[in-house]
Amino acid sequence: MDDEVEFCSLTEEFLRDQYTVKVAYNGKEALRQIQEFKPDCLLLDLRMPELNGKEVLKFLQTYHSSVKTLVITASGNLETARECLEMGALDYILKPIELNELSDKIRSALER
Amino acid sequence: MDKNSPRHGNQNPNDELRCLQFKIDALNRLLEVQEKTVIEQTTLLHEEILERKQAEEKLREAQSQLIISEKLAGIGQLSAGVCHEILNPLNILSLHIQMQLKKKAQDSEYVAVLEKMRAEVHRIDKIVRNLMRFARKDDFELKKIQIGTELDSVISMIENEFKTDNIILVKDIDSGLPYLWADADELRQVILNIINNAKYAMNNGGVLTLSAKLETRKNIPVVQLKFKDTGPGIKKEHLDKIFDPFFTTKPQGEGTGMGLSVAHSIIEKHGGSVAVESREGAGTTFIIDLPIMQSEKKDRT
């Protein structure tokens, strides 16, 4: 989930051969889809309209702690990264992302 | 009648002479006293002039530091917001390139162009990350560190390159320097940036003298690091710009112009200061002062 439509579309195109991919462009839509589809893995941006990434992480921690979450963000702030990892995120990936690296991280997250 | 007056009608010549001698002695004593007073006053005046000059010099230095800090703080504030806005479209650009590389892997000519574009994306990413690092105010992990250890760790990284470039490294690091509270990663980055600049300046070989000493700066105990190179020095008109982001004298593509501005920002966040002394043809010295926490003064390594 990310409010950058083009980013979502390109990532989906890259991942859809290996996984079933659902896209959400804001936090509220993400929560709705998480309830409906119960995903194994979530790629989560931090700066989003309506509900931000940290709020989504809190929700996941309480209601869906089994969802493997990878944070993908442009912010390289160490403190934010630490907070996200403490809130259950498995990784903190900085934009611009490398697709092959992302693929490896999703695979290793799903294996955990 | 005044006994000391110069002329008495019925005085004998001897008395007159004694009287004159007495007056001369008195005048000499007066002259000596006055001469002493003049010397004392002149010395005092010289000391006052010197103190005033030193105070003016300190004021100029503080003003110059303040101007640089304010200028950099302004740029930093602007950069923090802009960087985030750049990284999102850069990410999309990078993804398009990667997807095209995947789809057109057989077309070598096309792939070569895409690889060049990908390298440029990495370059923009590096510049933006540096700018973010420069702008960041809070992201710090302070630990007790020994500056000598951090200097050694950077030196071990570049020692071989120095040998290849005919650069002699002279170390003058005081033993028993106090511990510092600092972010070791950030401090190593500063040391590396300054050493790299010196290395670039001495591309025909030279001497880099690295010193670390305990000093007092504005009545505060500091660990003072000096990086003195024997390169060609910095042009006078460049001296007040060298800490500006993106200022570089290197040819295009050889430097981002962020090394010294990042160094300045990091040192300032540690409560320290960084200054440069340089003359064309006479080398350059970077001076970094890092304050020692009061409780650490007796806590020697």
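This report describes a predicted model with chains A and B.

## Basis

The model is predicted, so local features need pLDDT of at least 70 and side-chain atom pairs count only at pLDDT 80 or more, while totals for chains, interfaces and linings use all residues. Residues are numbered from 1 along each chain as its sequence is written, chains are lettered from A and ligands numbered from 1 in the order in which they are written, and side-chain values use heavy atoms, with hydrogens and water left out.

## Chain composition

Chain A has 5 helices and 3 strands, in the order α-α-β-α-β-α-β-α from the N terminus. Chain B has 5 helices and 7 strands, and its elements run α-α-β-α-β-β-α-β-β-α-β-β. Helices (H or I, at least four residues) and strands (E, at least two) are DSSP runs, numbered from the N terminus.

Of the 112 residues of chain A, 47% count as buried; for the 301 residues of chain B the share is 34%. Buried means under 20% relative accessible area, exposed over 50%, and partly exposed in between (1.4 Å probe, protein chains only). In chain A, residues 24 or more positions apart account for 56% of the contacts with a separation of 6 or more. In chain B, 73% of contacts between residues at least 6 apart in sequence join residues at least 24 apart. Contact means heavy atoms within 4.5 Å.

## Helix 3 of chain B

Helix 3 of chain B covers residues 147-164; its 18 residues should span 26 Å at 1.5 Å a residue, and the end C-alpha atoms are 26 Å apart, which agrees. The expected span is 1.5 Å times one less than the number of residues. A kink of about 45 degrees is centred on Ile158(B), the bend at a residue being the angle between axes fitted to the seven residues ending there and the seven starting there. Ile158(B) is also one of the buried residues of this helix, which include Ile155(B) and Phe162(B).

Just after the helix, Asn166(B) has a positive phi of about 55 degrees. Phe246(B) counts as partly exposed at 45% relative accessibility.

## Helices 4 and 5 of chain B

The axes of helix 4 (residues 184-201) and helix 5 (residues 259-269) come within 9 Å and cross at roughly 145 degrees. Axes are lines fitted to C-alpha atoms, for helices over the stretch in contact, with angles from 0 to 180 degrees between N-to-C directions. Residues that meet here include Leu187(B), Val190(B) and Ile194(B) from helix 4 and Leu260(B), Ala263(B) and Ile267(B) from helix 5. The residues of this contact divide into 8 nonpolar, 4 polar and 1 charged. Ala, Val, Leu, Ile, Met, Phe, Trp, Tyr, Cys and Pro count as nonpolar, Asp, Glu, Lys and Arg as charged, and the others, Gly among them, as polar.

## Selected buried residues

Leu95(B) is found in helix 1 (residues 13-103) of chain B and is buried, with a relative accessible area of 0%. Leu95(B) touches Phe7(A), Leu10(A), Thr11(A), Ile97(A) and Leu99(A).

Asp45(A), in the loop between strand 1 (41-44) and helix 3 (53-63) of chain A, is buried at 5% relative accessible area. Its contacts include Met1(A), Ile72(A) and Lys95(A). A cis peptide bond, with omega of about 0 degrees, joins Lys95(A) and Pro96(A).

Definitions and conventions: Lists of a residue's contacts leave out its neighbours within four places in sequence.
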